[in-house]
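Have the sequence and the 3D view ready as you read.

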Amino acid sequence: MYVKVCGLTDPDTVDVAVDAGADAVGVVMNRTSPRAVDADTARSIVDRAGGRVDTVLVVNDMSAADAARIAAGLGFSVLQLHGGYTEADFADAAAIFPRLWRATSLAVDPPLEVGAYGEVALLLDAPRPGSGETWDLSVLADRGVHGAWLLAGGLTSDNVADAIAAARPWGVDTSSGVEASPGVKDHAKVRAFIKAAREAQTP
Ligand SMILES: O=C(O)c1ccccc1N[C@@H]1O[C@H](COP(=O)(O)O)[C@@H](O)[C@H]1O
């Protein structure tokens, strides 16, 4: 199970996540997010990761090409384009920064084939990203999502094992569920989430 902890706002939390066994840390540069960081902070998080885990830049409010330039310039390993980006937007971004994740919600009936827009992974989230809201995973049952796809949306250490059993994703992603308050990670919750996700059984 690939485990990502998103919405980091300080480098010390990188060490907590890496030591607990995370595969990726995410940084949000979406301007309206309570977790938004500036370029200097983003770079300090990427630098602290030092290649030990994937570093994922998350955006949904700038052009895909601009986001790709920022991801490349700051040394991220993945760009998560979250929301209403089109196939053409992905092509623009891929010309600059090739390792893209497509993040979307079933509420907008997206293509569910991993790679449909040239992305290397697909992330399925609640309709309001970063809200901590869960969503009805039973709607996945008939949709046949396969391959490198991540589940997100209100995941916590308490519900991640059930969510994995229900949805059988390749990976999981959380942000609100491991926070003390918006933008501030609770290190005990980060460790507990990673442990629960790692120990979860897929049926
Ligand atoms: O976290 C945000 O504020 C955010 C803003 C804009 C786009 C995506 C955002 N976060 C993504 O939301 C999911 C997890 O959310 P949560 O666990 O329900 O809080 C994750 O993919 C984040 O990258």
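The report below starts with the chain and then turns to the ligand.

## About the model

This is a predicted model, in which local features need pLDDT of at least 70 and side-chain atom pairs count only at pLDDT 80 or more, while totals for chains, interfaces and linings use all residues. Residues are numbered from 1 along each chain as its sequence is written, and side-chain values use heavy atoms, leaving out hydrogens and water.

## The annotated domain

In an unreviewed entry, UniProt lists residues 3-195 as "domain: N-(5'phosphoribosyl) anthranilate isomerase (PRAI)"; such annotations may be inferred rather than shown by experiment. Over this stretch, 29% of the chain is helix and 22% is strand (DSSP runs: H or I of at least four residues for helices, E of at least two for strands). The end C-alpha atoms of residues 3-195 are 10 Å apart.

## Around the ligand

Look for the polar contacts (pairs of N or O atoms within 3.5 Å). A side-chain N or O atom of Ser-176 is 2.4 Å from a ligand oxygen, and one of Arg-35 is 2.8 Å from a ligand oxygen. Gly-132 uses a backbone N or O atom, 3.0 Å from an oxygen of the ligand.

Definitions and conventions
A polar contact is a pair of N or O atoms within 3.5 Å; within protein, one must be able to donate a hydrogen and the other to accept it, and residues adjacent in sequence count only if both atoms are side-chain atoms.
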